[in-house]
Amino acid sequence: MSNKEVKAALKSARDAIRNKQYKEALKHCKAVLKQEKNNYNAWVFIGLAAAELEQPDQAKGAYKKAIELEPNQLLAWQGLANLYEKPNQTDVKGDLAYVYQKLLELYESGDKQKWCEVCNKLVELYHQEKKYLEVAETWQKLIRMKQEEGAEKAELHQLWKKMIQLLKDSTKNQDNKTGQLLLTAFEHALHSADAIPGEDHQNLYKDFIQCLSKFPHEIARLEKACDDMMALYPTMTYPLEVLCLHFVQSGTVSEKALHCFSRLLEMDASSGPGIIGFGIKCLKENKYKEAVKSLAEGLQKTNQCPAAWYYLAEAQMKIHEHRKAVLSCNQALEALGTPEDPNLEWKKLAFQLKAETLIKIADADAAEEAIKTLEQIVGGSSDPVISALRGQAYLNKGLMDQASKVSQELLLSHPDLAEAHALEGFIHYSQKNYEQAEKSFLNAIERKAGIAEYHQYLGLTYWFMGGETKKDKGKALTQFLKAAKLDSYLGSAFCYLGNYYRDIAGDKSRARGCYKKAFELDETDEESGTAAVNLSVELGDMDTALSILNEVTEKSRPGTAKWAWLHRGLYYLRTGQPSQAVTDLQAALRADPKDSNCWESLGEAYFNRGSYSTALKSFRKASELNPGLVYSIYRAAALEQILGKYENAIATYQQILKKTENYVPALKG
């Protein structure tokens, strides 16, 4: 076959393909290849015809042979791309990406429009595969090409926006390089926008700031973006809110942070991040109740803020709302989710605070939960403070051996750690080894003087200690005063100050003030509440006594606050108000149905009201519960006499006289 015949055969093959006679085309090509086995066009035409005849393997082989012969010729690469793009071609995306890359090389110096088309296809392919870095780098090449061609600002703006759109899902699982390219795209899009300021530009800025807030290492850039947006849009609260939440989450309260919090609240008094920021400011200023109020209010509006939940728990802990603080720690941990940086430090803090709070609750169940909580702290086993907390939890759970083991190990490994000495002190105190406890607490205070709990326990140690200290409670007083000064919410310190002023100093007025303060701090502290009421009565201040009792009874649930109901019932009984006395004494009995003295008082109230039958039942119930209550038995006999049940009355009087021969009221009866 001559050269002329080869050309004729190739022309026939091309015509056959144009007329969709693909088998005919294959015959012509094979004839050519018999003569010229390395004929580029013949291999390309075989690829085309085989592809149309749905013989992809033969087509691929033909194109690859052509490429082998002429690697820088376009036709075979275009044919291979068309083949891989067919819907029936699976698992060829990697090969197709390679073909597109080669086509970009070949088009670069020539057909710019074709180059852009292939570039778009390659980007789309990478995007489907979630290869975001390749998406970003390829799209940047496209923009560079457009810039070299002198594209308009508006077109470039749309291209940068498209790049943002392509990369917006990449922030969830992103390498730093892709992230930098995304942020660069935002910056270019913002600078190339038409209307500045304008609505589109404003929304783009919001997206940029939201994106920046997901990058923990871009703090300076985030602050600058927020400042720049505030300068452009001074009435918008969004950048300030993001900045405030960033400061909250960073855990540092700088002058700039405080300025942001107050500026945001000036612009919008109901802004969640602003209210949270104000709450943190209150916490830092030791205004704990205001902090709790503001943080709780702010979190109702912005609840996915782990740091704010942590700060709320911290403030609740400061005012000894321990059970609420545990719930806030749980919310913080839930909002933190999986233990990934940068949240690892917050997670550790939240677990530690939760454990500390559970230890303060001081029952066995809370101790068990504290032990489990401490186990979840990453690297907790090597932290001596965490170990000391674990020792306290063991002690609260009654596991004395484990607590002692932790204490001994800590004192050996960290002899200068205040918490190690305090743990030793708690163990000695629980075993009533007061002299050893004193040494331990003094060692703890020497290393950390500002802990109210250490002074309180040293005070208790002196309070219960024997010997000279037992006679002179002055040492205990000093420590209780220090504890109360360091922690003005420590109710137990005020309770023991009350004990001191009442029992040692004989200062009823000052004692009453301390008990009242202790009870205001902890309304479950019946000892302090009762003492405050009793001292108020002794001081002739019934108004204060009643105001305390009224406040407790108003807040109490049925079956609780027995002491308050009983005290008020007895007051009404003494002051000739039997109906009110009956109501209150019944409420006291709902809390404790087996209190014989309370039944006796209820009988008295019914008697004074003229309800003799009910009074009789109450006195009988009292004497059933406590057969030694002679007065109740006598009152029952007297009521039987009043009700005309003389035989019963006589029998009851005789019963009393058997036990107490000279009981005059019974003899008289």
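Cys226 is buried (under 20% relative accessible area, with a 1.4 Å probe and protein chains only), at a relative accessible area of 0%. Cys329 is buried too, at 1%. The model is predicted, so local features need pLDDT of at least 70 and side-chain atom pairs pLDDT 80 or more, while totals for chains, interfaces and linings use all residues. Residues are numbered from 1 along each chain, and side-chain values use heavy atoms, without hydrogens and water.

A disulfide is taken as a pair of cysteine sulfur atoms within 2.5 Å. By this rule the count is zero.

| Cysteine | Nearest cysteine sulfur | Distance |
|---|---|---|
| Cys226 | Cys260 | 8.2 Å |
| Cys329 | Cys305 | 14 Å |

Helices here are DSSP runs (H or I, at least four residues), numbered from the N terminus. Helix α13 (residues 238-250) has 13 residues and reaches 18 Å from its first C-alpha to its last. Its buried residues include Tyr238, Leu240, Cys244 and Phe247. Among the elements that cover the buried residues of α13 are α11 (199-212), α14 (255-267) and α19 (344-361), where contact means heavy atoms within 4.5 Å. After α13 comes Gly251, with a positive phi near 80°.

The axes of α22 (residues 400-413) and α23 (residues 418-430) come within 9 Å and cross at roughly 145°. Axes are lines fitted to C-alpha atoms, for helices over the stretch in contact, and angles run from 0 to 180 degrees between N-to-C directions. Residues of α22 in this contact include Met400, Val406 and Leu410, and those of α23 include Leu423 and Ile427.

Technical notes
Helix = DSSP H or I, 4+ residues; strand = E, 2+ residues; numbered from the N terminus. Expected span 1.5 Å × (residues − 1). Buried < 20%, exposed > 50% of the residue type's maximum accessible area, 1.4 Å probe, protein only.
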